[in-house]
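Opening the notebook on this one.

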Amino acid sequence: MIELGWRELLLCGATSLAGTGALADTLPIGERGRLLDFEGSPTVSLRQIGINTEFSLTHFGQQQVSGSGSGSFENSGVARALINIDGEKLGLWRGFFATVDYEHTYGTSPGGVLNGDGVILPINTAYTFPRLNGDNNALSINFTQAFSENVLFSFGKFNAASLASKTPILGGGGIDGFMNTALAAPVSGVVPPYFAGGVLTVKTNPAVFTALVYDPRNADDSGVLKDLFSEGATFGLAATVPVRVGDLPAFHSIKGYYSTQDGFDLNNLPQLQVPPSMRGPIGDADNYWYLSYGYQQSLVSFGDGKSWGLFFEAGISDGNPNPIQGHVFAGLAGDSPIVGRKDDTWGIAAYRYNFSDPLKDAGVAVGFPIQDEKGLEVFYSFAVADWARMTADLQFIEPAQADRETAIFAGLRLEMKF
């Protein structure tokens with residue numbers, strides 16, 4: 001990640017709206033080896049004709065070691081299949097790409113208000129979506145047409161966590177890197193876990209601009225795909241500005257959203273506790289918006305594309321109907337500086353998510369006190385083999401439920417790519 005080429009810059013710009021990763025995985029899937037990648041293997045043969053495949057299995061074991069709640073040890077996991085098609089190699093036309101992203105989750109995970117610990121933001125991003133707990137699956141398919149080295153257009157159904165996974169320094173989407181959703185797939189309150197729409201990305205000098213339009217509802221619901229934009233649309237605009245500090249790369253990102261969808265007016269939450277015959281009028285809040293600024297900077301380069309650096313992001317929204325009024329996080333992450341462990345990765349980051357004032361007021365009124373959720377996450381990922389990684393993860397969280405104790409979660413993650 002020392003040097004970003006034109007396509008990487010386009011992709012980073014395109015997905016600064018839904019995270020900060022790659023919108024359409026037109027690059028080879030994954031930066032590390034796969035078990036089935038050997039001369040003459042089916043995966044290598046398929047790649048030569050334009051079909052790039054990656055199958056992975058990631059298993060999690062997590063324990064709540066301190067705080068309110070059950071404190072149980074839980075197992076969970078996600079199996080995933082990615083297929084990236086290069087249309088030109090396949091005999092179609094130049095610049096056309098298609099991506100198929102299938103995931104299946106299983107098991108249970110600690111963390112969450114229902115478990116009694118008072119934590120709202122998911123502690124395990126990769127497992128939480130499409131739905132929390134049990135066996136679930138989701139399929140996303142999208143298409144990209146690159147009109148030149150400076151312009152590309154993508155449309156279809158997108159997995160927001162998968163997009164965020166390609167971010168330099170911060171990326172991983174919960175499979176690699178950080179596990180908590182606050183960091184692995186930053187929460188804006190305006191991007192659903194799966195969204196359907198289109199994105200236009202244009203590279204200029206000195207910035208990459210991205211315009212996005214999508215249905216504001218979660219596209220994992222098949223009804224959304226059948227009736228797109230029936231409840232409004234969300235419009236996004238982002239600018240990613242690559243810079244160099246000395247010989248090392250960095251980039252600024254500014255993004256903003258505006259949605260025409262009406263949302264539930266959070267000021268009316270206390271009335272839901274009142275019998276219907278005694279309630280006043282309950283209406284919606286009109287539209288909503290969100291703005292953020294982020295910065296990433298490589299600090300140390302080891303050569304061979306290895307480095308580590310810092311990242312920062314701060315965002316703000318209208319706070320009603322968006323339950324997230326603002327957030328900020330910062331940290332360090334990247335490749336390991338330990339001699340002989342060049343393929344290991346590590347990270348440490350702190351975050352704070354501000355829940356909206358109307359939501360906090362409503363919480364007090366119904367006996368569920370809400371405060372800002374704050375946390376710190378540390379991980380170290382051991383490269384067991386080119387195709388396997390074992391990660392140790394520790395999270396310290398001051399829960400959003402104000403009457404709960406500080407929670408500590410320890411976990412292990414085993415990722416295998418085939």
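Predicted model: local features only at pLDDT ≥ 70, side-chain atom pairs only at ≥ 80, totals over all residues.

**Contacts and fold**

I started with contacts in the protein chain between residues at least 6 apart in sequence: 63% of them join residues at least 24 apart. For secondary structure I get seven helices and 18 strands. Of the 418 residues in the chain, 52% are buried. The accessible surface is about 17400 Å², and 62% of that belongs to carbon and sulfur atoms.

**Cavities**

Next I looked for cavities of 30 Å³ or more and found five.

**Aromatics**

I count 15 aromatic pairs in the structure. Phe 178 and Phe 311 pair edge-to-face, 5.9 Å centre to centre with 75° between the planes. Phe 178 is in the loop between helix 4 and helix 5 and Phe 311 is in strand 13, so this pair ties together parts 133 residues apart in sequence. Both Phe 178 and Phe 311 are buried.

I also checked Trp 387 and Phe 418, a tilted pair at 6.5 Å and 35°. Trp 387 sits in the loop between strands 16 and 17, and Phe 418 in the segment after strand 18. Trp 387 is partly exposed at 28% relative accessible area, and Phe 418 is partly exposed at 26%.

Last entry: Trp 93, Phe 96, Phe 143, Phe 153 and Phe 155 make up one aromatic cluster.

Key
Residues numbered from 1 in each chain as written. Heavy atoms only, no water. 1 Å grid on protein atoms, 1.4 Å probe; cavity = no way out; pocket = protein on both sides within 12 Å on 5 of 7 lines; lining within 4 Å. Points joined across faces, edges and corners; volume = space filled by probe spheres on them. Helix = DSSP H or I, 4+ residues; strand = E, 2+ residues; numbered from the N terminus. Buried < 20%, exposed > 50% of the residue type's maximum accessible area, 1.4 Å probe, protein only. Contact = heavy atoms within 4.5 Å. Areas by Shrake-Rupley, 256 points an atom, 1.4 Å probe, with all protein chains shown as cover. Phe/Tyr/Trp six-rings, centres within 6.5 Å; stacked < 30°, edge-to-face > 60°.
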